[in-house]
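Hello,

Here is the structure I said I would pass on. My notes on what was found in it follow below.

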Amino acid sequence: MLIHPTFVLNTRIRTFVVLTLGLLVLLGACKKDSGEERRDPREQLVTDESDLQAYLQTHFYNYEDFEAAPEDYSLRITLDTIAGDNSNKTPLIDQVVSQWVDVTYQGETIPHKMYYLVAREGRGENPTKVDSTYIRYSGNLLDGTSFDKRETPIWFDLTSVVTGFREGVPHIKAGSYTVNNDGTFEFYDFGQGIIFMPSGLGYFDRAQGFVPQYAPLIFRISLYTFNTADHDGDGIPSMLEDLDGDGNPFNDDTDEDGTANMYDRDDDNDGVLTIDEYDTNNDGIPDDSNNDGIPDYLDDTV
Ligand SMILES: [Ca+2]
Ligand SMILES: [Ca+2]
Ligand SMILES: [Ca+2]
Ligand SMILES: [Ca+2]
């Protein structure tokens, strides 16, 4: 999926983002209101789950528009209350899929439940949770407040967004595109979906712009395309550095030097960069020169 034109676009737009937008979905810039004890994440989870349930039971999305015009790529996902003329609509709760995501607070692992829904099945591939994605999105609170919105698609490295966003986007498939004569892109066949997350997968106690503390979040997303990311540039895509296969590439650290393999350019800390010992004969199979079953890039004895 590494395509030259998008890569160029990627670099340019990402720089723009970092410099000018101070993106809300980015983690970092922690602002904590003073004077108040941080709430217990387990208790907050119960409150958030109850609020999310209430929302999903009383709201619907414009699924009929997507059923009626599956090829209309200008369609946006809209959310509305089930009431009045809309009282016969199918509630979101009957359409969402739930997913458990572990969050670690002060050494304790707490499973968080989030929900997602695919409104339009894209025809491309699914990104992984550590890829670089080109998306249009809008973020809302449960009361409808819009706190962040991008009409023009933008590149996001999924490693640098809030957890619920990172976990939700891989359920959506990318699309295809054509390049116009003037160099602009036309996207089609892309997937669209919605993510509903408790505050613990969002900003939790870090108020951000229009997002108050402890706010569950809703993101509507269109995934145009993505690039497979290799954060350390060692030739191994970041997701493939998830050696224990638990779906989490952030917790694999072969040489136990404190840097996860996906960010480590010398994964076994033997002084030879991974890229120089991974597959030197280019046969597509990681080298294992002493045939001990441990590839050279993870074997500090070779
Ligand atoms: Ca890598
Ligand atoms: Ca792992
Ligand atoms: Ca590595
Ligand atoms: Ca090495």
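This is a predicted model. Its largest nonpolar core is made up of 46 residues, and the residues with the most contacts inside this core are Ile-194, Ile-195, Phe-196, Phe-219, Ile-221 and Leu-223. Two or more core residues come from each of α2 (41-58), β1 (59-61), β4 (108-120), β5 (132-140), β6 (146-157), β9 (191-197) and β10 (217-227). The largest share, seven residues, is given by β10.

Leu-223 is worth a look on screen. Leaving out residues up to four places away in sequence, Leu-223 touches Gly-122, Thr-133, Ile-135, Val-169, Ile-172, Lys-173, Ala-174, Phe-190 and Gly-191.

As for the chain as a whole, there are four helices and 10 strands, in the order α-α-β-α-β-β-β-β-β-α-β-β-β-β along the sequence. The chain has 302 residues, of which 35% count as buried. Among contacts with a separation of 6 or more, 63% are between residues 24 or more positions apart.

One lysine also deserves a note. Lys-129 sits in the loop between β4 and β5. Is Lys-129 buried or exposed? Lys-129 counts as buried because it has 23 C-beta neighbours inside 10 Å, and the cut-off for buried is 20 or more. Not counting residues up to four places away in sequence, Lys-129 touches Leu-158, Arg-166, Glu-167 and Pro-170.

Regards

Key: Residues are numbered from 1 along each chain as its sequence is written. Chains are lettered from A and ligands numbered from 1 in the order in which they are written. This is a predicted model: local features need pLDDT of at least 70, side-chain atom pairs count only at pLDDT 80 or more; totals for chains, interfaces and linings use all residues. A nonpolar core is a set of buried Ala, Val, Leu, Ile, Met, Phe, Trp, Tyr and Cys residues joined through C-beta atoms within 7 Å. A residue is buried if 20 or more other C-beta atoms lie within 10 Å of its own, exposed if 12 or fewer, and partly exposed in between; C-beta atoms are placed from the backbone. Two residues are in contact if their C-beta atoms, placed from the backbone, lie within 7 Å.
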